[in-house]
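Let's take a look at a protein together.

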Amino acid sequence: MHELSITEHILQYSLEEAERRGAGRIRTIRLVLGPFSGIVPDCIQMYLDLLAEGTIAEGAKIEAEILPLKIRCRDCGRESEITRRHIACPVCGSLRLQVLSGKEFYIDSLEVDVNGNQGASSGHGME
């Protein structure tokens with residue numbers, strides 16, 4: 001259910017940014033997510049479809065880029081990328097890992113229509 005509150009914030013931020021830039025329509029909201037962010041893009045899309053009705057974001061699509069999970073091994077000291085299915089150092093097999101990234105969540109960009117210009121992009125960071 002936390003996706004509802006998150007989607008409300010995504011929509012509010014996107015509407016404010018689009019208005020600030022003179023956009024007439026939001027086509028796409030691009031998110032960047034870490035694998036441990038706890039965000040489910042399909043849930044965000046479902047709530048956005050409901051919340052955006054009657055706004056310039058009505059019909060907007062959520063696109064999500066999932067970042068790799070980066071770790072530093074406390075035993076061998078190497079930095080690596082791992083998956084949620086294989087959580088051991090790929091170099092030495094240790095489970096003593098320091099997570100370096102994986103909880104990221106921000107709006108990377110919006111694709112909007114500005115004064116009849118379809119497909120204008122506006123990059124934004126929001127963490």
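The protein exposes about 7500 Å², and carbon and sulfur atoms supply 48% of that; the areas come from the Shrake-Rupley method with a 1.4 Å probe.

Keep in mind that this is a predicted model: local features need pLDDT of at least 70, side-chain atom pairs count only at pLDDT 80 or more, and totals for chains, interfaces and linings use all residues. Residues are numbered from 1 along each chain as its sequence is written, and side-chain values use heavy atoms, with hydrogens and water left out.

## The parts list

You'll find 2 helices and 7 strands here (DSSP runs: H or I of at least four residues for helices, E of at least two for strands). Along the sequence they follow the pattern α-β-α-β-β-β-β-β-β.

## Two helices meet

How do α1 and α2 pack? Helix α1 (residues 2-20) and helix α2 (residues 41-51) sit at an angle of about 60°, with axes 9 Å apart.

Which residues of α2 make the contact with α1? They are Cys43, Ile44, Tyr47, Leu48 and Leu51, while α1 brings Glu3, Leu4, Ile6, Thr7, Glu8, Ile10 and Leu11 (contact means heavy atoms within 4.5 Å).

Note on methods:
Axes are lines fitted to C-alpha atoms, for helices over the stretch in contact, and angles run from 0 to 180 degrees between N-to-C directions.
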